[in-house]
Amino acid sequence: MAGLPNVALLGEKPYQELPHYLYAFDVCIIPFKLPELIKATNPVKVYEYLCSGKPVVATRLPELELIGPPLVYVAKSRREFPRLIEEALNERNVTSLARKRVAYAQKNSWEARGEHYSDLLRAAFPKVSIVVLCYNNL
């Protein structure tokens, strides 16, 4: 990109290659614009980032505010976004925070979420026996 020597547009990459790029990140970002529809999303990208243990800076999505600092830095304005990147770059207790991020991501895997909802359904709808009476018929 003209005028930005530290930015390279690499184009589309196969999904399997993405962890190699993530390994080189210092800070992960989720710089979403915030139309009404996007405010109702829970970006899966945050869990992928968190499982790497890296700090994440994001725009103010309600689902990410629930996670909040220190796992995810949520910018309340455009001005705050670069300041939070700087803060994330200068984190203390990096190892401890990385462990917390990974643990949070593991609790939110698809498998863990599936088990959680299965438990809720089992509690709401316990097994029952149904007997259908019929005369001279299967």
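Biologist: Why is Arg60 called partly exposed?

Modeller: Arg60 has a relative accessible area of 39%. Buried means under 20%, exposed means over 50%, and partly exposed is what falls in between (1.4 Å probe, protein chains only). So Arg60, at 39%, is partly exposed. Keep in mind that this is a predicted model, where local features need pLDDT of at least 70, side-chain atom pairs count only at pLDDT 80 or more, and totals for chains, interfaces and linings use all residues. Residues are numbered from 1 along each chain as its sequence is written, and side-chain values use heavy atoms, with hydrogens and water left out.

Biologist: What makes Arg60 and Glu65 a salt bridge?

Modeller: The term calls for a side-chain nitrogen of Lys or Arg within 4 Å of a carboxyl oxygen of Asp or Glu. Here the closest N and O atoms are 2.7 Å apart, so the pair qualifies. Glu65 is partly exposed too, at 34%.

Biologist: How do you know that Glu36 and Lys39 meet in a salt bridge?

Modeller: Their N to O distance is 3.2 Å, so the pair passes that test as well. Glu36 counts as exposed at 61%, whereas Lys39 is partly exposed at 33%.

Biologist: What separates Arg122 and Asp119 in helix α6?

Modeller: About one helical turn, because they are three residues apart in α6. The whole structure has seven salt bridges.

Biologist: Which residues is Arg113 in contact with, leaving aside its neighbours within four places in sequence?

Modeller: Asn42, Tyr47 and Asn108; contact means heavy atoms within 4.5 Å. Arg113 sits in α6 (110-124). Helices (H or I, at least four residues) and strands (E, at least two) are DSSP runs, numbered from the N terminus.

Biologist: In what order do the three strands form the open sheet?

Modeller: The order is β1-β2-β3, with parallel pairing. β1 (28-30) and β3 stand at the edges because each has a single partner strand, so one side of each lacks a neighbour in the sheet. The twist averages 20 degrees from one strand to the next. Axes are lines fitted to C-alpha atoms (for helices, over the stretch in contact), and angles run from 0 to 180 degrees between N-to-C directions.

Biologist: How do you know that β1 and β2 pair?

Modeller: DSSP has to find at least two bridges between two strands. β1 and β2 (56-59) have three, so they pair. Ile30 stands opposite Ala58 in β2.

Biologist: What makes Leu10, Tyr15, Leu18, Tyr21 and Phe25 a patch?

Modeller: Patch residues have over 30% relative accessible area and no salt bridge; like charges are joined within 9 Å, and nonpolar side chains (Val, Leu, Ile, Met, Phe, Trp, Tyr) within 5 Å. These five form a nonpolar patch, with about 480 Å² of accessible area together. That area comes from the Shrake-Rupley method with a 1.4 Å probe; for residues, only the protein chains shown count as cover.

Biologist: Where is Asn93 found, and is Asn93 buried or exposed?

Modeller: Asn93 lies in the loop between α4 (80-89) and α5 (94-107). At 59%, Asn93 is over the cut-off and therefore exposed. Its phi is positive, near 55 degrees. Most residues other than glycine have a negative phi.
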